[in-house]
Amino acid sequence: MRTVDVVVIGAGPAGTVAASYLKNQGYDVTILEKEKFPRFQIGESLLPCCMQHLDESGLLEAVKAKNFQKKTGAAFMRGEKRCEFFFSEQFTKGWTWTWQVKRADFDSTLAEAAQAKGVDVNFECEVLKVTCTPDVQVLEYQDIDGNIHQISCKFIIDSSGYGRVLPRLFDLSKPSAFSPRGAIFSHLEDKNRSEEASNNIFVHSFDNNRSWIWAIPFSDGSTSVGIVGDKEKIMEMAENNGEKYKAFIRDFDDLNGRFKNSALKFEPRNILGYSIGVKKMYGDGFVLSGNSTEFLDPIFSSGVTFATASGLLSAKMTHRHLQGEAVDWKTEYEDVIQKGIDVFRSYVSGWYSGDFQTIVFAKEVDNDFKNQICSVLAGYVWDQSNPFVRKHDTILPTLAKVIKMKESNAESAQ
């Protein structure tokens, strides 16, 4: 049986960030990835905060070399109402731009960069069984030819994403508190977009805040277009090879005919019931990172940022653990990651309740409030100096209520 220092399950952003950081510290690291790369994945609009994680793990320059579409902000729209956030104006001092990426290319770039560092990346290898103890971990996996292998290590980082290997094997998953939703999406030609339209993700709210459309432009002139809504709505749009999806994005008024004559790069795909939680994020000999922990909703593009943030922190904690330091996984890891998740959970709830839209589409938007919200949208959800982070659970509904009263009084006075 082969023995290494650390096995990382999954070669997505969480796994490659974790593996690269540990390799930089001199550890023998192996990644076991179930799929063959490149492979399609959603989560195509990054947040500026993740640039810091890519930099710390030594992966940033490899991604820069690919010339992905630069992203400088986000635009939210509903009918005639529009609110743009520019990351250069955010409250938190940090990165002011990021990328919009086809995940097949982005994830392959990260995996190749990890391999270049000396990380042993094994594709098409499915983990079947895991035995964990405080000192030695043993994984049994099957390769593409059906051969069964065993590998032992000192520690495991599960970055298996939607595969959720250890949550599934160790019964760690728990239901999400959010209503079941789904998404249907494709990539389309987008020949007539402006330069401004290239530098933003565009989000269109409709159906009384229950549904929304994303438009994520790429550097090759195509754009990812998806619809998120109640599970039943998405299932209906997916029928007959997505005929209702195709008609909707071509005729939706707020898109102003942007995709009226656009050809699809592939037939629409859909995912359903993606929100899920976890009972705990660590155990004897292992830690969870990325979507193996918890996935909320794609509305604020938080998935990759949580992946890279948790991947990096899990690697730093693993390094300390392997150096013989006493590590408090609950306080120093799970509670930290959970704080960020809880902030975004409040904003996801605020989106679907309409409180977020009430604030950003108000007749007058306070610039300080807007810049503080912008920092959340940039992924800086651990910045406790930001009131919209520190008071995340109350500030949106409270501010929305004040705005509604103010606008109602103004209308009554007319």
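The largest cavity has a volume of about 80 Å³ and is one of 2 cavities of 30 Å³ or more held by the structure, which is a predicted model. Its lining is formed by Leu47, Lys71, Ala74, Phe76, Phe87, Ile201, Val203, Ile299, Phe300, Ser301 and Leu377. Strands β5 (73-78) and β15 (200-206) each contribute at least two residues to the lining of the largest cavity. By class, this lining comprises 9 nonpolar residues, together with 1 polar and 1 charged.

The second largest cavity, with a volume of about 60 Å³, is lined by Gly290, Asn291, Thr293, Glu294, Phe295, Leu296, Ser302, Gly303, Phe306, Ala307 and Ile341. The element that gives the most to this lining is helix α8 (residues 303-322), which supplies 3 residues. The lining of the second largest cavity divides into 5 nonpolar, 5 polar and 1 charged residues.

With regard to the cysteines, the structure holds 0 disulfides. Cys49 takes part in no disulfide, the nearest cysteine sulfur being that of Cys50, 7.5 Å away; a disulfide requires a pair of cysteine sulfur atoms within 2.5 Å. Cys49 is also buried, its relative accessible area being 3%. For Cys153, the closest cysteine sulfur is that of Cys132, and because the two sulfur atoms are 7.6 Å apart, they are too far from each other for a bond. Cys153 likewise counts as buried, with a relative accessibility of 4%.

Technical notes. Residues are numbered from 1 along each chain as its sequence is written. This is a predicted model: local features need pLDDT of at least 70, side-chain atom pairs count only at pLDDT 80 or more; totals for chains, interfaces and linings use all residues. Side-chain values use heavy atoms; hydrogens and water are left out. Buried means under 20% relative accessible area, exposed over 50%, partly exposed in between (1.4 Å probe, protein chains only). On a 1 Å grid over the protein atoms alone, a cavity is a set of points where a 1.4 Å probe fits but cannot get out, and a pocket is an open set with protein on both sides within 12 Å along at least five of seven lines; lining residues have an atom within 4 Å of a point. Grid points are joined across faces, edges and corners, and a volume is the space filled by probe spheres set on the points. Helices (H or I, at least four residues) and strands (E, at least two) are DSSP runs, numbered from the N terminus. Ala, Val, Leu, Ile, Met, Phe, Trp, Tyr, Cys and Pro count as nonpolar, Asp, Glu, Lys and Arg as charged, and the others, Gly among them, as polar.
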